[in-house]
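Biologist: Could you take me through one part of this model up close? I'd like to start with a quick accessibility check and then get to the packing.

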Amino acid sequence: MSAQLTLPERVGDVWLNGALERGTAAQLNVLSHSLHYGTAVFEGLRIYAGHPFLALRHFQRLHASARALGYDLPHSPETLTEALQQLIARNGLTDGYVRAIAWLGDEALGLMAEGLTTHVAIAAWPWPQVHRTASVFGGIAVWQSDRRRPSAETLPPQAKAAGSYLIGALAYQEARRRGFDDALLCDSGGHLAESTSANLFFVKDGRLCTPRPQGFLNGLTRQTVQVLARDLGLQCREDQFHPDELVSASEAFLTGTAVEILPITRIGTHNLLPGPVTERLIAAYAEIVRRPGADPLCTAPEFERA
Ligand code: PMP
């Protein structure tokens, strides 16, 4: 497939407001409310061997994100899950990435956003690798950004709202300009939070640790990894951590639908190697995502809090 083709040309069909149409025909008006104010909400999913992982939970989160921004979606999570199955079949996908997005229409442009139509689209296409260097070096280098996640009083942290991604986009671009693959951000209180689009875990004194998701997204992969860790007999400490604590970490990795479990091999000037905890979790994750219909989050564990 030619690199010259645009994404809409490459994706095949797209599900838009209840019907399948060509990706190139699935358009929105330039006066759409969400384009101006960042009020779109979206989801990224992965398809493994023809089956989307945690599809219903992703579409439930899409609904919750829209509600957090003050609007309701016209299609239930179950309907959207069926729509995705239809799209996977239509586009003949085995392994791929899915982007679902909902947005407010173009009837008016006021901030109040009253009486606007709500639109939903789902696109899915083959997309195996996220980070450029990951397959070459087995991990990525991250830069500690000065940008912070906003407090829960400023933006609803569990909403995957398009507007929130401006922070990650700026931090990511800064990291790349400095020669890193991604950036880590702190929360508004200066504690470790997550990367630009994935959650953070690290191993310290032999123990798995992850920041408590108070001011950032509690990712579905993060929750899956916590279940897998429990099932492997690994204790997971969920707490507030100062960024300096990462310097003494023996392993670190990111988790997210797109990056899956991605080892971090450098934090600033501190080098790390993927270790046994990361490797065991990568193996367990690779197995669960390929089990059709698996929902490890049915059995969410009780976490030890310090
Ligand atoms: N944090 C942010 C900011 C993200 O964009 C994502 C990706 N959705 C995550 C964390 C990880 O979430 P998930 O595991 O649900 O993909």
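Biologist: What is the relative accessible area of Asn17, and is Asn17 buried or partly exposed? After that, please zoom in on how H3 and H4 pack.

Modeller: Asn17 comes out at 36% relative accessible area, so it's partly exposed (buried is under 20%, exposed over 50%, partly exposed in between, with a 1.4 Å probe and protein chains only). Keep in mind that this is a predicted model, where local features need pLDDT of at least 70 and side-chain atom pairs count only at pLDDT 80 or more, while totals for chains, interfaces and linings use all residues. Residues are numbered from 1 along each chain as its sequence is written, and side-chain values use heavy atoms, with hydrogens and water left out.

Asn17 sits in the loop between strand S1 (13-16) and strand S2 (19-22) (elements are DSSP runs numbered from the N terminus: helices H or I of at least four residues, strands E of at least two). Its phi is near 50 degrees, a positive value in a residue other than glycine. Ala113, in the loop between S5 and S6, also has a positive phi, about 55 degrees, without being a glycine. Ala113 is partly exposed, at 26% relative accessibility.

Now the helices. H3 (residues 55-68) and H4 (residues 77-91) pack at about 130 degrees with their axes 8 Å apart (axes are lines fitted to C-alpha atoms over the stretch in contact, and angles run from 0 to 180 degrees between N-to-C directions). That makes H3 and H4 oblique (under 35 degrees is roughly parallel, over 145 roughly antiparallel, 65 to 115 roughly perpendicular, the rest oblique). H3 brings Ala55, Leu56, Phe59, Gln60, Leu62 and His63 to the contact, and H4 brings Pro77, Glu78, Leu80, Thr81 and Leu84 (contact means heavy atoms within 4.5 Å). By type, that contact holds seven nonpolar residues, three polar and one charged (nonpolar: Ala, Val, Leu, Ile, Met, Phe, Trp, Tyr, Cys, Pro; charged: Asp, Glu, Lys, Arg; polar: the others, Gly among them).

Phe59, Leu80 and Leu84 turn up again in the largest nonpolar core, which has 24 residues, and they're among the members that touch the most others (a core is a set of buried Ala, Val, Leu, Ile, Met, Phe, Trp, Tyr and Cys joined through side-chain atoms within 4.5 Å). S3 (41-48), H3, H4, S5 (96-104) and S6 (118-125) each give two or more residues to this core, and H4 has the largest share, five. Leaving aside neighbours within four places in sequence, Leu84 is in contact with Leu45, Pro52, Ala55, Phe59, Val98 and Ile122.
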